[in-house]
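Subject: Structure handover

Hello,

Here is the structure I promised to pass on. Please open it alongside this message, and then read my notes below.

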Amino acid sequence: MAGFCVGITGGVASGKSEVTRRFEALGIAVADADLAARAAVAAGSAGLAEIVSAFGAQVLDRDGGLDRAAMRQRVFGDDHARKRLEAIVHPRVREMLQRQCRLAPGPYAVAAIPLLTEGGGREAYPWLQRILVVDVPVAVQQARVMRRDRIDAELAQRMIAAQATREARLAIADDVIVNDGPLDDLQTQVAALDRRYRALAADA
């Protein structure tokens, strides 16, 4: 069991997935918040039943699963509805991630949490020993989003603005990977942090 847990977060197109893949390649178990969120509202789950109770059966698809497009439409622009949905999903995601990290083999575990800052930061995840932020300048982030999603600058800016600011993420960081250069630089930073986390876990 891993008694030392590291949370990884970052803005859209910052390179979080690439960073977590490189930790995995070093033998580190990764718990993924996106996968946990899907499991939390899977067909037949208590989470989905609570969502239906809160929002009605119109958020279900033909197979009895969550109609994600309908759910997005329901909460888009409605802060009260969005917070109600988050109050159902986020606690379940946090519980799943904590359990997966605690049960993971290896010297430490990683929890990939894209919305860590937005979801309450360190106060919401007191079981994280370190928070690693994958950081890029906003201009680089915007260019990557436009290229990746084939969208225009205005939509890319709105996507970035919908998340926590770069400054808010950095304010909760124990460690930072600056991912605005070549992939070789990324590997060097991940390897250095892996050595550091192994040492910290051994001392914990």
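Which hand does the crossing of H3 and H5 have? It is right-handed. I come back to that pair below. Please keep in mind throughout that this is a predicted model.

**Overall picture**

The chain has ten helices and five strands. Its radius of gyration is 18 Å, close to the 17 Å that the globule rule gives for 204 residues, so the chain is as compact as a globular protein of that length. Along the principal axes, the C-alpha atoms fill a box of roughly 50 × 40 × 30 Å. Buried residues make up 42% of the 204 residues. Residues 24 or more positions apart account for 73% of them.

**H3 and H5**

Helix H3 covers residues 46-55, and helix H5 covers residues 79-103. Their axes come within 10 Å and cross at roughly 165°. That angle is over 145°, so H3 is roughly antiparallel to H5. On the H3 side, the contact is made by Ala46, Gly47, Glu50, Ile51, Ala54 and Phe55. On the H5 side, Ala81, Arg84, Leu85, Ile88, Val89 and Arg92 take part. By class, the contact of H3 with H5 has eight nonpolar, one polar and three charged residues.

**H1 and H10**

The next pair joins helix H1 (residues 16-25) and helix H10 (residues 183-203). The axes come within 10 Å and cross at roughly 55°. H1 and H10 are therefore oblique to each other. The crossing of H1 past H10 is right-handed. H1 brings Glu18, Val19, Arg22 and Phe23 to the contact. H10 brings Leu183, Leu186, Gln187, Val190, Leu193, Asp194 and Tyr197. The residues of this contact divide into seven nonpolar, one polar and three charged.

Valine 190 deserves a look here. Its place is in helix H10. Is valine 190 buried or exposed? Valine 190 is buried, with a relative accessible area of 0%. Leave aside its neighbours within four places in sequence, and valine 190 is in contact with Val19, Arg22, Phe23, Leu26 and Ile177. Threonine 20 is 170 residues from valine 190 in sequence. In space, the two are 9.0 Å apart, C-alpha to C-alpha.

**H7 and H8**

Helix H7 spans 138-149, and helix H8 spans 153-161. Their axes come within 9 Å and cross at roughly 120°. That makes H7 oblique to H8. H7 passes H8 in a right-handed crossing. From H7, the contact draws on Val138, Gln141, Gln142, Val145, Met146, Arg148 and Asp149. They meet Ala153, Ala156, Gln157, Met159 and Ile160 in H8. By class, this contact has seven nonpolar, three polar and two charged residues.

Arginine 150 is found in the loop between H7 and H8. Phi of arginine 150 is near 55°, a positive value in a residue other than glycine. At 78% relative accessibility, arginine 150 counts as exposed.

Is alanine 13 buried or exposed? Alanine 13 is buried, with a relative accessible area of 13%.

Glutamine 141 has its place in helix H7. Glutamine 141 is buried, with a relative accessible area of 2%. How far apart are the C-alpha atoms of glutamine 141 and alanine 13? They are separated by 5.7 Å, though the residues are 128 apart along the chain. Neighbours within four places in sequence aside, glutamine 141 is in contact with Gly11, Val12, Ala13, Val136, Ile160, Gln163 and Arg169. Ile160 is also one of the H8 residues that meet H7.

Best wishes

Note on methods
Residues numbered from 1 in each chain as written. Predicted model: local features only at pLDDT ≥ 70, side-chain atom pairs only at ≥ 80, totals over all residues. Heavy atoms only, no water. Axes fitted to C-alpha atoms, helices over the stretch in contact; angles between N-to-C directions. Helix = DSSP H or I, 4+ residues; strand = E, 2+ residues; numbered from the N terminus. Parallel < 35°, antiparallel > 145°, perpendicular 65-115°, else oblique. Left-handed = near helix turned anticlockwise from the far one by under 90°. Contact = heavy atoms within 4.5 Å. Nonpolar A, V, L, I, M, F, W, Y, C, P; charged D, E, K, R; others polar. Rg over C-alpha atoms; globule rule 2.2 N^0.38 Å. Buried < 20%, exposed > 50% of the residue type's maximum accessible area, 1.4 Å probe, protein only.
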